[in-house]
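Hello,

Here is the structure we spoke about, for you to look over. My notes on what turned up follow below it.

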Protein chains: 2
Amino acid sequence: MTITEVSKKYDISQDTLRYYERIGLIPAVNRTKGGMRDYSEESCGWIELAKCMRSAGIPIEALIEYCALAQQGDQTITARKELLVEERTKLLEKMEDMKKTLDKLNYKIDIYEKAEVSGVLSWEKPNA
Amino acid sequence: MTITEVSKKYDISQDTLRYYERIGLIPAVNRTKGGMRDYSEESCGWIELAKCMRSAGIPIEALIEYCALAQQGDQTITARKELLVEERTKLLEKMEDMKKTLDKLNYKIDIYEKAEVSGVLSWEKPNA
DNA sequence: TTAACATATGGAGTGCACTCCAAGTCAAGA
DNA sequence: TCTTGACTTGGAGTGCACTCCATATGTTAA
């Protein structure tokens, strides 16, 4: 696959794809004789993984380390697992924060909806 | 309350507290005759709200707009509600992304745990 | 009063994650 | 072959959200 195809398939800019490869967030991509990138099935797998992890805010640093470990073979299985467990813990914490914020948002939206009917907001607490 | 007290109470740096006020993410804080900040109960409510919203990644821009609207009185109730609804939608989308990532993380961790026992990882798919 | 410390301001600097650009190379159709 | 457009690299620039700094002024205990 060309970079244009991969870019469209995963909705990631070509600049970002090149950037990810340059910093080692994904392993080096195969090239044609001319030097153009030719994404294999496996490269696409890495792109998909990168997109998924980044969409959840997993830091670039952690993903670079994961990629480096993965390229060192089976003796890094434990290290990789620990890295993922650590990121999972952080992710769970973030999700809890977001749940709390969601509750607050729901509460405030509810108040505003009632206020739209009654016309006043005097009973709103700023920190509710 | 002094800025030091508020900083400790909400675990936000004094720099960040001043920054939030300067950019209008919270309304102006009362001052003593000498010009020092004297946080009221209401100011603390705003700080708490800011902390909660920011911890979920709600962008600064949106919070500045919300704060500006809130200071204009009851005629901005609908606008404020719409702003919150929009942010809630984005938050929900982010939470879904995170859920997907969590599932993938769980799946991969599970694979690594099994591999630790069997000693090989040959059956791992990169994009699983 | 005076030393020591807290707080004020405006502006510069940082870290992260892209994103854009210039200059050159490769590839495919007329 | 020539033109057009896709692709290459290294490096500079951007946007967001702080974070730090220098200098000055306020506050408090001795």
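Chain A carries 20 positive and 22 negative side chains, with 2 Å between the centres of the two sets. Please keep in mind that this is a predicted model.

On the fold: chain A contains 5 helices and 0 strands, which gives the pattern α-α-α-α-α when read along the sequence. Its radius of gyration is 22 Å, well over the 14 Å that the globule rule gives for 128 residues, so chain A is more spread out than a compact globule. The C-alpha atoms of chain A fill a box of roughly 70 × 35 × 20 Å along the principal axes.

Among the contacts in chain A with a separation of 6 or more, 41% involve residues 24 or more positions apart.

On the backbone: most residues other than glycine have a negative phi. Asp11(A) is not a glycine, yet has a positive phi of about 55 degrees. Asp11(A) sits in the loop between α1 (3-10) and α2 (14-23) of chain A. Its relative accessibility is 64%, over the 50% cut-off, so Asp11(A) counts as exposed.

In chain B, Asp11(B) also has a positive phi of about 55 degrees and is found in the loop between α1 (3-10) and α2 (14-23) of that chain. Asp11(B) counts as exposed, at 65% relative accessibility.

Regards

Key
Residues are numbered from 1 along each chain as its sequence is written. Chains are lettered from A and ligands numbered from 1 in the order in which they are written. This is a predicted model: local features need pLDDT of at least 70, side-chain atom pairs count only at pLDDT 80 or more; totals for chains, interfaces and linings use all residues. Side-chain values use heavy atoms; hydrogens and water are left out. Helices (H or I, at least four residues) and strands (E, at least two) are DSSP runs, numbered from the N terminus. The radius of gyration is taken over C-alpha atoms; the globule rule is 2.2 Å times the number of residues to the power 0.38. Contact means heavy atoms within 4.5 Å. Lys and Arg count as positive and Asp and Glu as negative; His and the chain ends are not counted. The place of a charge is taken as NZ of Lys, CZ of Arg, CG of Asp or CD of Glu. Buried means under 20% relative accessible area, exposed over 50%, partly exposed in between (1.4 Å probe, protein chains only).
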